[in-house]
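Here's a quick briefing to read alongside the model. Keep the sequence and the 3D view open while you go through the points.

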Amino acid sequence: MDNLPRVQNHTINRSGGLAGRISALVRRQKGFFGFVVLPTFASAIYFIVFASPQYVSEAQFIVQGQHNQSSTMLAGLLEASGGASASEDTYAVQDYLTSRDAAELLLRTENLRAAYSNPVGDALARFPNFYSGHTFEHFYWYYRRHVIAELDTTTGVSTLRVRTFDPRDSQRIASALVAAAENLINKLNDRQRENTIAASTRELETSLQKLNAVNKKIDAYRDEIAMINPNLQSQPVLKDIASLQSTVIASRVQLAQLRKSTPHSPLIEVYRRRLNALEAEISHVETRITGSDTSFVPKISGYENLVFQRTLLEKEVAAADAGVATAKLQAARQLLYLNEISLPQSSRLPHLSKGDCGYRYRFCNNHGNLSYGDAAYQRCA
């Protein structure tokens, strides 16, 4: 009996010592317990007991199309060595799905706000709630957490996940986003086609303007020299000079024959005067070809310079016109396509439900540990 109080006192001391050590630990680590342990415990209680089930609808697609021919060889080598690579258009679609424009479109066409303010959702998970604002920026922050677009850069496959409190809402919103992505691709196609053709058309118009300007210069030059074509109009004068020179040669031959056969013939003087007259006429006619500013040579030179410019511009116009036709064909070959690999489906089971799986996923995502949350989601899905 004497030992009983001792045992009781020992038990009381042990229990008091344990409580004291715990109390001392809490006092020493009050920051850790206040900012980590207690919030984690409260979050665990919420996610395990009170959190509403949420449903994920998933769609997969790939953006395909032909691009500039200059990078065809390099792209082929990259695809052969490492599979399909994502293009800039794919990244544009990825960014659009989680953009403010997409959120505004769904608010207008799919009543997106009602899907996330569904009374089925718990007070903390739905929008709006007591800790968030009611502006569009607050909703967009909420939207970015529930609409996820990921890209596999190795295969080029994009994955879209939409999470709501109703499986039908998730499927409807995911389908609307895929349709919006297709509309974006169509707009990119139209813009690409317009830019490609417009550039070639502008080049053609510029060449035509230059050609018209040179033609006007040619017309003004013709008025200035009072000739249609100095080259053609100089041909008769050149023929006259050639005919006179032939006559001079014949007259010289006849004069030489007379001097040998009949040195005292009166015809010698006649032929001599004839030669003088022919040579004087040749000199006069040659002044129309060369020798002054009014002769044919400077007129022909100026005209040929303008004609040469017109010939070059005509070739440039022909090349630009062919470029427009080529641009139209190239624009048709560069069309982009959004090929759906898997359509959005209505989830029968909640991907985020009460219990351990839902708790781990949502807790990790809400606390910034996305990699662990995704791993938990993959194990539980």
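A residue counts as buried when its relative accessible area is under 20%, as exposed when that value is over 50%, and as partly exposed in between. Glu 137, with a relative accessible area of 42%, is therefore partly exposed. Bear in mind that this is a predicted model.

**Salt bridges**

- How many salt bridges are there? The count comes to eight.
- Glu 137 is in one of these contacts: its side chain meets that of Arg 100 in a salt bridge, at 3.0 Å from N to O.
- Arg 100 sits in helix H5 (residues 100-109) and Glu 137 in helix H7, so this pair ties together parts of the chain that are 37 residues apart in sequence.
- Like Glu 137, which is partly exposed at 42%, Arg 100 is partly exposed, with a relative accessible area of 39%.
- Arg 172 and Glu 110 make another salt bridge, and their closest N and O atoms are 3.2 Å apart.
- That pair links distant parts of the chain, with Arg 172 in helix H8 (residues 167-225) and Glu 110 in the loop between H5 and H6, 62 residues apart.
- Arg 172 comes out as partly exposed at 30% relative accessibility, and Glu 110 is also partly exposed, at 21%. The cut-off for buried is under 20%, so Glu 110 at 21% doesn't count as buried.
- Arg 193 is partly exposed at 28% relative accessibility, and Asp 190 is partly exposed at 38%.
- There's also a network of salt bridges, which links Glu 58, Glu 150 and Arg 161.

**Aromatic pairs**

- The structure holds seven aromatic pairs.
- In one of them, the rings of Tyr 116 and Tyr 142 have centres 5.1 Å apart and planes at 80°, so the pair is edge-to-face.
- Which helices does this pair tie together? Tyr 116 belongs to helix H6 (residues 112-116) and Tyr 142 to helix H7 (residues 136-146), so the contact joins parts that are 26 residues apart in sequence.
- Tyr 116 is buried at 0% relative accessibility, and Tyr 142 is buried too, with a relative accessible area of 2%.
- Tyr 142 also pairs with Phe 139: their ring centres are 6.5 Å apart and their planes lie at 25°, so this pair is stacked.
- Phe 139 and Tyr 142 are three residues apart in helix H7, so they're separated by about one helical turn.
- Buried or exposed? Phe 139 counts as buried, at 0% relative accessibility.
- Ring pairs join Tyr 116, Phe 127, Phe 139 and Tyr 142 into a cluster.

**Charges over rings**

- Phe 139 has a charge over its ring as well: the charged end of Arg 113 sits there, 5.1 Å from the ring centre.
- Arg 145 lies over the face of Trp 141, at 4.6 Å from the ring centre.

- Phe 130 is found in the loop between H6 and H7.
- At 68% relative accessibility, Phe 130 counts as exposed.

- Which residues of helix H4 (residues 88-97) are buried? They're Asp 89, Thr 90, Val 93, Gln 94, Tyr 96 and Leu 97.
- Those residues cover an arc of only 165° around the axis, which puts them on the same side of H4.
- The face of H4 turned away from this buried side carries the exposed residues Glu 88 and Asp 95.

Conventions. Residues numbered from 1 in each chain as written. Predicted model: local features only at pLDDT ≥ 70, side-chain atom pairs only at ≥ 80, totals over all residues. Heavy atoms only, no water. Buried < 20%, exposed > 50% of the residue type's maximum accessible area, 1.4 Å probe, protein only. Helix = DSSP H or I, 4+ residues; strand = E, 2+ residues; numbered from the N terminus. Arc of directions from axis to C-beta. Phe/Tyr/Trp six-rings, centres within 6.5 Å; stacked < 30°, edge-to-face > 60°. Lys NZ or Arg CZ within 6 Å of the ring centre and 35° of its normal. Salt bridge = Lys/Arg side-chain N within 4 Å of Asp/Glu carboxyl O.
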